[in-house]
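Work through the exercises below with the sequence and the model at hand. Each task is followed by its solution.

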Amino acid sequence: VPLRALLILPFLAQITLAVGLTGYLSLRNGQDSINQLVQKLKGETSQRVNQHLNEYTSNARRLTAINSEQITLGHLNPNNPDQLAHFFARQVKQYNVGYILYGNPKGEFIAAGYYYDAKIPKGGNPEISLVLPGRYQNRDVHNYRTNADSKIVGSPDVGKDYQFQKEGWYAKGMTTKDPGWSDIYQWEVGEYPLSIATSQPLFDRAGKLIGAIGVEQRLSQISEFLRQIQISPSSRIFVLERNGLLVASSSESPVFSVINNKPQRLKGSEVNDSLIQASSQFLKNRFQSLSNIREPQQLNFIHQQQRQYLQITPWRDELGLDWLVVIAVPESDFMGQINANTRNTIFLCLAALALAIVLGIYTSRWITRPIRALQH
């Protein structure tokens, strides 16, 4: 073996091994740190979302129970529709809900809420909606605007033959005889707001069913909250029903489509957002049915050649809502600095290796020159 090679190669091998091992450990430690950070962020985010859903649903449940009790005790009189509607309008503003509703078998409907707005406006005044066959001699709905004091102003907009009896909140309250949630439904007017409502039957002192009362919540409120949570630039938070239909999401993509002027809800795998779509499809493939998810799950999968961290948390309320909160976070959102450091490490390794080769060559020449001179 040439003496020059004998002097250079072990030196280079040591430098290559040391620098390579340092770079590898640095990358691995960075990935482990990112993984721990993402798990912590997802856990904290899931708690925030669960807390918001608890507050969001408890407002409607509590308000439904309060109004039911007030009517039962006689403090609110459904036979005085103007007073009841005014009271509902003030509650809508105070509790930040979409609509408060009352209906009875006589075909009377008294409600207050945001008829013209798909989203609940900040500082807006709700509308009062009345179907009173005895007053108007028809079953049309009369929608009145209100002022800051929740009093009616101007003339009404009239909708022909309003069938409130077909709405989920009323049907639920009149048939189950227990407090509960309606199925998620969608208005077929305006901007097609997606909604859900609590309902509760009303009985007189003889135990006769006299009507139902409900509180409607706009699901857009959940989406607005989710968009305020910033985990990372490309992360997504969304809520699914057990059948896979979207309830809300942090994406700007709508959770429904409109076909022939009819709104159609979308599944997570159908929405126009690649990460939500891929995450929903992954869950479907892994669990076959979302009903099989009973405990929080920490998972990851590959999408667009990048690792995606996924957390699924079941959420339930005391009246039977059963949803899944899903948080998807791309690893690449956190690996940018790690990858930059890795590139810097590789560059420094190559620079150190080149410098070692040059120094090795000159050192070997310096050592071997006197030896060669002795040979001659």
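**Exercise 1.** Which residues of H5 are buried?

*Solution.* The structure is a predicted model, in which local features need pLDDT of at least 70, side-chain atom pairs count only at pLDDT 80 or more, and totals for chains, interfaces and linings use all residues. Residues are numbered from 1 along each chain as its sequence is written, and side-chain values use heavy atoms, with hydrogens and water left out.

Step 1. Settle the terms. Helices (H or I, at least four residues) and strands (E, at least two) are DSSP runs, numbered from the N terminus. Buried means under 20% relative accessible area, exposed over 50%, and partly exposed in between (1.4 Å probe, protein chains only).

Step 2. Read off the residues. Ser-220, Gln-221, Ile-222, Ser-223, Phe-225 and Leu-226 are the buried residues of H5. With six of its eight residues buried, H5 is mostly covered.

**Exercise 2.** Describe the surroundings of Arg-218.

*Solution.* Step 1. Arg-218 is in strand S9 (residues 209-218), and its relative accessible area of 0% makes it buried.

Step 1. List contacts, leaving out residues up to four places away in sequence. Arg-218 touches several residues, among them Tyr-56, Tyr-114, Asp-117, Lys-119 and Trp-187.

Step 2. Look for charge pairs. A salt bridge is a side-chain nitrogen of Lys or Arg within 4 Å of a carboxyl oxygen of Asp or Glu. Arg-218 forms one with Glu-216 (3.1 Å, N to O); Glu-216 is buried too, at 2%.

Step 3. Look for rings. A charge sits over a ring if NZ of Lys or CZ of Arg is within 6 Å of the ring centre and within 35 degrees of the ring normal. Arg-218 lies over the face of Trp-187, 4.7 Å from the ring centre.

**Exercise 3.** Which salt bridge joins Glu-318 to another part of the chain?

*Solution.* Step 1. The side chain of Glu-318 meets that of Arg-61 in a salt bridge (3.6 Å, N to O). Glu-318 is in the loop between S15 and S16 and Arg-61 in helix H1 (residues 3-73), 257 residues apart.

Step 1. Compare exposure. Glu-318 counts as exposed at 66% relative accessibility, whereas Arg-61 counts as buried at 16%.

**Exercise 4.** Classify the ring pairs of Tyr-170 with Phe-164 and with Trp-169.

*Solution.* Step 1. Rings of Phe, Tyr and Trp (its six-membered ring) pair if their centres lie within 6.5 Å; planes under 30 degrees apart count as stacked, over 60 as edge-to-face and the rest as tilted.

Step 1. For Phe-164 and Tyr-170 the centres are 5.1 Å apart and the planes at 80 degrees, so this pair is edge-to-face. Trp-169 and Tyr-170 are also edge-to-face, at 5.6 Å centre to centre and 80 degrees between the planes.

Step 2. Ring pairs link Phe-109, Tyr-162, Phe-164, Trp-169 and Tyr-170 into a cluster.

Technical notes. Contact = heavy atoms within 4.5 Å.
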